[in-house]
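Please take a look at the structure below. The report that follows goes through it part by part.

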There are 2 protein chains.
Amino acid sequence: MKLPDFFETDHAAVESALERILPKEDTQPPSIHRAMRYSVFAGGKRIRPILCIESARMFSEHVDAAIHAGCALEFIHTYSLIHDDLPSLDNDDLRRGKPTNHKVFGEAIAILAGDALLTLAFEALAKSPLDPARRVEVIAEIGAAAGTVDGMVGGQVADVEAEGKAVTAAQLEYIHRSKTAALIRASIVAGAISGGAANEDVERLRRFGENIGWAFQVIDDLLDVEESSAALGKTAGKDQAQKKATYPALFGIEKSRAIAAELEAKALAELDRYGERGARLRQLAGFLVARRS
Amino acid sequence: MKLPDFFETDHAAVESALERILPKEDTQPPSIHRAMRYSVFAGGKRIRPILCIESARMFSEHVDAAIHAGCALEFIHTYSLIHDDLPSLDNDDLRRGKPTNHKVFGEAIAILAGDALLTLAFEALAKSPLDPARRVEVIAEIGAAAGTVDGMVGGQVADVEAEGKAVTAAQLEYIHRSKTAALIRASIVAGAISGGAANEDVERLRRFGENIGWAFQVIDDLLDVEESSAALGKTAGKDQAQKKATYPALFGIEKSRAIAAELEAKALAELDRYGERGARLRQLAGFLVARRS
């Protein structure tokens, strides 16, 4: 599903910043830069960067630093996909309708391309056009969200370890909040900090981000059951085949839809006080929950 | 070979900071934290942190920020070893006399433990007790040194791709400077910045670090030929078996020793003007070139 048209400007700004920050394909050694670019430009919707930019826009007209942070978030998201697809992890051959990174470049380069994107993310953040005090806040926020303690890697580990086992609702919640919601929340918090938001606004957006990120992963689980591989651009039905811990598996489709709707409502409530200023983030949230791919 | 005794204080300070910064073993999910700690506490000499601390000490009595940066450098070094040892890269079973990370925890966890250490490095740097303007300088410096453009991952890629091929002296230089010298140089530069050094001092120490880091890798090549696996704590003779691009392979042992000595002399010349203040770094440099493991 395409993002609503009025996010086209954000999307274009992100594409051009990604293009600028990533080393060119012929930079030595070319194989790694080709591999990094292959996955970064494989058709991602740029959801995290756009969330970051729109959060910043609630507090400032200047969104250059948020675009910069958005690129870093996209690098981290992309590295996580490259590593998750590896044979010893999810062993996936297809991503966004294209062969996965290791299928094209081999496992060694795929591992190193992931490492390189993660490293580049932090280098880019360190050079962001934001005052240094806020810059280090953004780096700490994103670093924690991508890490092991209630962060992306921790969620990924719990996810791998839960395969084939009976999980409780609490364990499933841990996996989804860490694996997916943490980085989406960090995208929104990084945007708010980049836009110069006051602490209490940052905290409000943090709660918005947490809930919308969590809803996002519940929807992802549902799409894996309900949609075709062609629609998703990745192998559908994979969760069930791999006996993954998912919301539909634990609660059924009906109840999972209700949980996603409830999380969305909780998220949106945080934006109430911002009125018209929150309109674009509200629309983005709606899109993330209503999407079909 | 053990470091000279008078670096014991630095070593102890690094151990205790690593212990403090790394999540405890029972933090959820425990497997990843056990895997991270297993490799970080596998008996590394802490060369990069100690170089960082001693560089800082040339300019300030306060070395807390340098200890912090040193931990980040050790996390990055450790992640690179975990990933390099993986079956699809160097496929090594032994590291510092112990089974490699993936041998103990499996490939999936080893990949994620490397990712997690890299991420934690930048999170730790972002929270370092250093003024934010210098903090972002340190992050940018270390990020670039760990990356693909004349950095560690770029060198690793070139190294993997050179296996079994005839390389020129220029290609070998690129590999060694990127794969190893870059992060050692960054350790010294990060220390100087953390210690509040003026720009021209930072640049002088950068040249010191570049040359001593390069000499360090030439010595590593030599040790792989000359020493036993028992002495090294890793598989000796591996470079030749894997047809790696090395100095002894290209220039012979004699000439390689001479190159290392020349690089050491160039490095030491940069410290001349500092007199007694440079004594400890000078001794460290001597140790790095004279070591037998």
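How many residues of chain B are in contact with residues of chain A? The count is 44 residues of chain B, in contact with 44 residues of chain A. Note that this is a predicted model.

**Where the chains meet**

Four helices of chain B each supply at least two residues of the side that touches chain A: helix 2, helix 6, helix 7 and helix 8. Helix 6 of chain B gives the largest share, 13 residues. By kind, the residues on this side of chain B are 26 nonpolar, 12 polar and 6 charged.

**How the copies are related**

| Helix | Residues | Number of residues | Distance between end C-alpha atoms | Expected span at 1.5 Å a residue |
|---|---|---|---|---|
| Helix 1 of chain B | 8–21 | 14 residues | 20 Å | 20 Å |

Helix 6 of chain A has 19 of its 20 residues buried, so the rest of the structure largely encloses it.

Now turn to helix 1 of chain B. Its buried residues are Asp10(B), Ala13(B), Val14(B) and Leu18(B). They cover an arc of only 135° around the axis, which puts them on the same side of helix 1 of chain B. Which residues are exposed on the other side of helix 1 of chain B? They are Glu8(B), Thr9(B), Ala12(B), Ser16(B) and Arg20(B). The cover over the buried residues of helix 1 includes helix 2 (30–40), helix 3 (47–57) and helix 4 (64–84) of chain B.

**The nonpolar core**

The largest nonpolar core has 190 residues. Within this core, Ala113(A) and Ala113(B) touch the most other members. What is Ala113(B) in contact with, leaving aside its neighbours within four places in sequence? The list is Ile32(B), Ala35(B), Met36(B), Ser39(B), Ile82(B), Asn101(B) and Phe105(B).

Conventions
Residues are numbered from 1 along each chain as its sequence is written. Chains are lettered from A and ligands numbered from 1 in the order in which they are written. This is a predicted model: local features need pLDDT of at least 70, side-chain atom pairs count only at pLDDT 80 or more; totals for chains, interfaces and linings use all residues. A nonpolar core is a set of buried Ala, Val, Leu, Ile, Met, Phe, Trp, Tyr and Cys residues joined through C-beta atoms within 7 Å. A residue is buried if 20 or more other C-beta atoms lie within 10 Å of its own, exposed if 12 or fewer, and partly exposed in between; C-beta atoms are placed from the backbone. Two residues are in contact if their C-beta atoms, placed from the backbone, lie within 7 Å. The expected span of a helix is 1.5 Å times one less than its number of residues. The arc is that of the directions from the helix axis to the C-beta atoms. Ala, Val, Leu, Ile, Met, Phe, Trp, Tyr, Cys and Pro count as nonpolar, Asp, Glu, Lys and Arg as charged, and the others, Gly among them, as polar.
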